[in-house]
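The stops below go from one selection to the next.

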Amino acid sequence: NIRVHKGQLFATTGYWRDEPGTNPVSGPHILRKDSINSNWVADITFDAMVSPQLRRHLRISSLESLIFTKDTLGNDISSPDTLLIAGVDDAFGLGVRVRNDQNGTYETAVISVGSDPFGQYNIIRSMIKYTDPLTGGEFLYVGGRSSIYKGWYDASEPSKLRFSSSPVFLFPTSATRVTSMTIANDKLYAGCGSEQNIAGGIWEKDTATDHFSLVYQLPFPGSNLSSNIRGLTTIPSQNGSAYFDILFSFEGTGDIIRLEPRNNFNSTVEINIPDYFDTIPNTYSTNLAAYNEMTPFQDQRIIGLGVTNATAMGEIDETPPNNGTYFLVRNQDASYTHHYVYDTFRPVAVGENLRVVRTVCISPFDTNNVYLGGFDAGGGTSQHNTAWIYKGTLQDIVSGIEDTEYQPLDLKLYPNPAKN
């Protein structure tokens, strides 16, 4: 994740499948960049260990900067408060970490204590602030493993947040992650994938209660986490009405789907990513898109991908300049263009590949710049020192340049990690 918070940039790292070798065993970091010319620094490292070789914290699965202005009854709080909130995977308990901007420390808002019932790390994979349309009260909804918890602003707490200790809603699946949530037409929506013989989909929160109802079912149940729903985001209605549609990526098929809540949740596949890249020579495409978000820029959406260049044998290309990765731009007319992330002046080393764009964030320092971060340790291989952050200019995205052949988009990209 890369997020803007009070004029600064914050980014997160993870250590899933990390093999440190002779390096010290570390935990996930939150990085900070204070200005356009400053270097990235470690704001905090979650380095607690369960044993000499087992980390307490595996990765930081979510990060958001949210502004709270109301209490749970809709009354103004004494002073609006902007909180940087991180969902840190934890072997011992479920909760979020909140940055104290006065001293740079992080306080824990505990949801529950104990190990994950499925033998995995406790996770908060998504979070969103939602205003109750009946009372005007503000609440923080966070998505865990097949569950949603509810919190609210409380100035008396060190973390400024308090949570219900039990989930307000449990999905019928057991271990599938709630990977994204969005608000459309004053309704809260959550995406939860399929598991074994239980189909997932898009769920809508009732207006008066915390019950969620299935409004869009995925086309088929999955057998594992490959059926995740990712990047749930709200877009203007394609038919020109005053209402909003929902856009998301379905990992099971590689489709990006538009859902129309005001039209009986009619769904339209706007693009199938593997089919699209089948038309682009020498590319290797997975079904993954919008790992964490679909970033809005003007009337467009920037969408990270798990797409790379391929060798003649159909394998991921790990030789310069072919070892970069791709992202999509969705235009207002629902057309898509693809773009390449690479720095020809500082090529990625032979034997390495950027693999995926996981997160995209518009720069707070210069709105003509965009920061992209990524890598994916999936596929069963161990990795080390593979996360990356690049910076590019947005002017070519705005003009809608389309790479119809292999040629790097004329983005001005800077070293890994970005230093300016």
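Select Phe139 and Lys150: the lysine lies over the face of the Phe139 ring, 4.1 Å from the ring centre. A charge counts as sitting over a ring if NZ of Lys or CZ of Arg is within 6 Å of the ring centre and within 35 degrees of the ring normal. Next select Trp16 and Arg59, where Arg59 lies over the face of Trp16 at 5.4 Å from the ring centre.

This is a predicted model, in which local features need pLDDT of at least 70, side-chain atom pairs count only at pLDDT 80 or more, and totals for chains, interfaces and linings use all residues. Residues are numbered from 1 along each chain as its sequence is written, and side-chain values use heavy atoms, with hydrogens and water left out.

Now turn to the aromatic rings. The structure holds 15 aromatic pairs. Rings of Phe, Tyr and Trp (its six-membered ring) pair if their centres lie within 6.5 Å; planes under 30 degrees apart count as stacked, over 60 as edge-to-face and the rest as tilted. One of the pairs is Phe169 with Phe171, edge-to-face, at 5.0 Å centre to centre and 90 degrees between the planes.

Select Tyr189 and Phe265 next. Their ring centres are 6.3 Å apart and their planes stand at 65 degrees, so this pair is edge-to-face. The pair links distant parts of the chain, 76 residues apart: Tyr189 is in strand β17 (residues 187–192), and Phe265 is in the loop between β22 (255–260) and β23 (266–272). Strands (E, at least two residues) and helices (H or I, at least four) are DSSP runs, numbered from the N terminus. Both Tyr189 and Phe265 are buried.

Then look at some backbone angles. In the loop between β22 and β23, select Asn264. Asn264 is not a glycine, yet has a positive phi of about 55 degrees; the residue is exposed, with 74% relative accessibility. Asp186, in the loop between β16 (178–184) and β17, also has a positive phi, near 70 degrees, and is likewise a residue other than glycine. Asp186 is exposed, at 58% relative accessible area. Move on to Pro320 and Pro321, where the peptide bond from one to the other is cis, with omega near 0 degrees. Pro321 lies in the loop between β25 (300–309) and β26 (325–330).

Select residues 359–362, strand β28: Thr359 and Cys361 point one way, Val360 and Ile362 the other, and all are buried. Which residue of β29 stands opposite Val360? That residue is Leu372.

Finish at Asp116, in the loop between β10 (105–113) and β11 (126–131). Asp116 is buried, with a relative accessible area of 8%. Leaving aside residues up to four places away in sequence, Asp116 touches Tyr121, Asn122 and Arg145, where contact means heavy atoms within 4.5 Å.

Methods. Buried < 20%, exposed > 50% of the residue type's maximum accessible area, 1.4 Å probe, protein only. Pairing = 2+ DSSP bridges.
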